[in-house]
Amino acid sequence: MTPPDASHNRWSDLDRPPLNATALRRGLLRPDALWTSLEVVESTGSTNTDLAERARAGAAAEGTVLVAEEQTAGRGRLERSWTAPPRSGLFFSVYLEPGDIPVERWGWVPLLAGVAAATGLAKSAGVDMSLKWPNDLLVTVEGEERKTGGILGEFAGDGIVVGLGINVSLRAGELPAPTAGSLALAGAVSTDRETLLRAVLRSMEHWYGAWKAADGDAAASGLQAAYAAGCATLDRAVRAELPGGASLVGEAVAIDGDGRLVLSTEDGLQQPVSAGDIVHLRGAAGGLT
């Protein structure tokens, strides 16, 4: 008898067991909870794409969670690709409908997801986490800042889909780039993905509830202060590579009420940046990042 192809065997890597969807639902789906449904699929191109299509078709309720064991066409910011070995990380998207909250405040939702992921993972994995504006999750590996996760938000239907990709158990030889890292390489006390996913989703539920209760006011909800406190970009010299090819160099001095990064430039101006790719220059962590 010919054994099945190991690449299609959910148990082919015993260090990376499959997620137990039933257990996750039992722990997260409650009558009074934000999360209303949770599905785990073996493989898909992108959970964000799939969930956004459902939302546009009216087939997703607020609180829908879609998780993939593997993403073959995961998307990051600026249309960058995001790939990783099966079951080596958390690849999931959630659908939220902020409702009556002014649409101009919805831009805080991906930043909210960053705060939630950083705080949830810090507690459950025991790893110091920080945020690189606008939505990268950083850990320290061998004294260097490394990206271990990214967040992507997009409007869909009557709400917003927020996707997260987090490297959990990637080994050094599996990293897609020298600047990448994983929770395992950062010395995590736990790489149990069910524990980590529950922690992130519960943290997101907390922050989303606080933000909605404050009518989307990031300052009143504490979200603006929490993001600033965990943001590794602040108090550093950075280069903002802006849409259209322009760039701006300055010291990152604040996150304003609209979630923009405020740069203090050499000519003394305070310049808010709403979109762009940020390069950390010399700063608290040293070196070029």
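This is a predicted model: local features need pLDDT of at least 70, side-chain atom pairs count only at pLDDT 80 or more; totals for chains, interfaces and linings use all residues.
Asp-235 sits in the loop that links α5 to β10 (237-241).

You will find Asp-215 in the loop between α4 (193-213) and α5. With a relative accessible area of 40%, Asp-215 is partly exposed.

For a cis peptide bond, go to Trp-133 and Pro-134, where omega is about 5°. Pro-134 belongs to the loop between β6 (130-132) and β7 (136-141).

Gln-224 is part of helix α5, which covers residues 223-230. Its relative accessibility is 18%, so Gln-224 counts as buried, the limit being under 20%. Leaving aside residues up to four places away in sequence, Gln-224 touches Trp-108, Ala-218, Ala-219, Ile-255, Asp-256 and Gly-257.

In soluble globular proteins, nonpolar side chains tend to be buried together. Here, the largest nonpolar core holds 61 residues, and Phe-92 and Leu-183 have the most contacts inside it. Helix α3 (residues 108-125) is the biggest contributor to this core, giving 11 residues. A second, separate core has seven residues, including Ala-52, Ala-55, Ala-60 and Ala-156.

Around Leu-183, the residues touched include Leu-121, Ala-125, Val-127, Met-129 and Val-139, not counting residues up to four places away in sequence. Thr-148 and Asn-167 are also among the contacts of Leu-183.

Technical notes: Residues are numbered from 1 along each chain as its sequence is written. Side-chain values use heavy atoms; hydrogens and water are left out. A nonpolar core is a set of buried Ala, Val, Leu, Ile, Met, Phe, Trp, Tyr and Cys residues joined through side-chain atoms within 4.5 Å. Buried means under 20% relative accessible area, exposed over 50%, partly exposed in between (1.4 Å probe, protein chains only). Helices (H or I, at least four residues) and strands (E, at least two) are DSSP runs, numbered from the N terminus. Contact means heavy atoms within 4.5 Å.
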